[in-house]
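Me: I've got a model open and I'd like to learn how to read its features. Can you walk me through a few?

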Amino acid sequence: MKKRLAMYGIVFLACFFLSSPAGFGAVISSTELIEGGQAYLLSQQAGDGSWTDDYQGEPTTSTALALAALIDTGVSKDHEAIKKGVDYLLTRFNGEYFDASSSSHFTYCNGAVVMALSMYAADNPVTRTVVMSATQSLLNTQYINPSSNGHGGWYYYNYPSSNGDLSNTQFAAMGLYYAEQYLGAIQDAAEESWKDALYTYLTKDYNSTTGASGYRPGSTSYIPAMTGASLWCMSLIGHETDPIAVGSVVSGSETPGNVGWFENNYDWEDPYGAPQYYYLYAWAKALTAAIGTENKVGEHDWVDDMVTVLASLAIPVARKDETPIYYWDSNDSLDGGNIIATSWAMMSMAFADINVESPEKRVSDVPEAEGEIDYPIRGLLTLKTEGGVTITGAKRRLADLFRWRGKSTLKLPVGAVEFVLHHVPVGGQAKLTIKLPRDAVRNDVADSFVDENGDPKPYLNWFKIQNGEWKGVTPIEVDPVAETITVWLTDGGPEDADGVANGEIVDPGAPGITDGPLVEEAAAEAAEVEFGTESSDSICFVKALK
């Protein structure tokens, strides 16, 4: 991805001219596509707050996906359209779950609604209660029968079935994941957790020779989209480094994995008859989580290729002002039409393109090209903000421990992350929550953030490189149950690399553990700054690694 910005200047000039009304002959960036998609969705909302897709005709699911796309691309939760959309969805709640226009849409609909409202409802007790009820309904419809190939999957309707398929299953899993991510741990009373049961389902649906996954175990239908769905589900349940997910591409396994299948069948533009936008969304999510946006798929710069295709498919709308308006459309049953396809396209870019503002970004491990990984716990990190704050430029970085000059031992269990936070109150604070790999909060993993009793270890801090050295700048909170760490970052404060209160926090840093307090070190540093023996300015993290 290092060449991405340079490539845009070439690729967009070559590929991104659309035949369109006057005024639409310009080069289109992913940012402009997102802004155009936002404008289009906002223009299509009905007076009751709903969106209705022109092909599917399913207002509940269409509204949920439109809301998710708008929130995921940085539209404020306080925007009137967001509030109206949420209010509409609440009218579709029947006391247990959300009603769709057809009973066969139960799983798709409730998975999508739970995802959207979880992103919205973290601080809203009424909406939170409704979402958790629908979440329980999803849990109740997972098929549990270890002797069946359908064990761990979901079906179309509001009941468990051995005929569950991977398409419905990924929607259910996505809803459960977002509920857990935003609202806290799910109360799963079953002897086997929903994640473990789903893992069993995915293993039975996997072809170890080709790396493909089918519509259901033993099926060869919809392989392009379903293989992406499998990889995405693996990431949702913390198995993104499993051989089924990445195979020989990353893990050295003899099986190619879902990523290996994609490399051998690489195609964004004409995915073998698969639903175009459903397919794009499945793989954008899956590849971002499993291999990251900086790694290539074989020789392919997959993010640039995906955005190129989305730009070529964008349909311009005549505009009254300077606001670009674009939408995407399809008549495939899974793509939906104008609303659902546009939502898929927007969320694909929000997932995969680090330059698109979003309140949530996923970062995989450091690209292999940058050297051997020097942190002990690998796997996906998910960065999440609240209160209208958005993230760009999220990347994983090496631990680089030789820069530590403290008196105690420093460990950076999951390495470092680089990012920029936008729309922070000037001079104020932003809350950053990071979802960790499972091993990072296991009591039997020596380098995790918890001790042998499962309690957070002492001396946990957020570290930054200042003056060429790692410095502990603020405490972090660890929630072993939610598998998260939380840190409060201050605009213009010690956590902000530019040192300026300007509404943006440039915060390359890392969650770390020392075997002793940082009080003496902090006091010594303060004294040095006070008497002018050391500059207090932070240096750029990227430059510090060179």
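This is a predicted model: local features need pLDDT of at least 70, side-chain atom pairs count only at pLDDT 80 or more; totals for chains, interfaces and linings use all residues.

Me: Where is Ser-104 found?

Reply: Look in the loop between α4 (80–91) and α5 (106–120).

Me: Does Ser-104 count as buried or exposed, and why?

Reply: Buried means under 20% relative accessible area. Ser-104 has 19% relative accessibility, so it counts as buried.

Me: Which residues is Ser-104 in contact with, leaving aside neighbours within four places in sequence?

Reply: Those would be Tyr-156 and Tyr-157. Tyr-156 is 52 residues away from Ser-104 in sequence, yet their C-alpha atoms are 5.0 Å apart.

Me: On to strands. How do I read β8 (residues 429–435)?

Reply: Strands of a sheet pair through backbone hydrogen bonds, either parallel or antiparallel. Here, β8 pairs with β4 (residues 381–385) in the antiparallel sense over four bridges, with Thr-385 opposite Leu-432. β8 also pairs with β12 (residues 484–490), again antiparallel, over seven bridges; there, Gln-429 has Thr-490 as its bridge partner.

Me: Why is β8 largely enclosed by the rest of the structure?

Reply: Five of its seven residues are buried, so β8 is largely enclosed.

Me: Which strands form the open sheet, and in what order?

Reply: Three strands do, in the order β5-β7-β13, with antiparallel pairing. β5 (390–397) and β13 (505–506) are the edge strands, each pairing on one side only. Between β5 and β7 (residues 416–422) there are six bridges, and Ile-391 stands opposite Leu-421 in β7.

Technical notes. Residues are numbered from 1 along each chain as its sequence is written. Side-chain values use heavy atoms; hydrogens and water are left out. Buried means under 20% relative accessible area, exposed over 50%, partly exposed in between (1.4 Å probe, protein chains only). Helices (H or I, at least four residues) and strands (E, at least two) are DSSP runs, numbered from the N terminus. Two strands pair if DSSP finds at least two bridges between them. Contact means heavy atoms within 4.5 Å.
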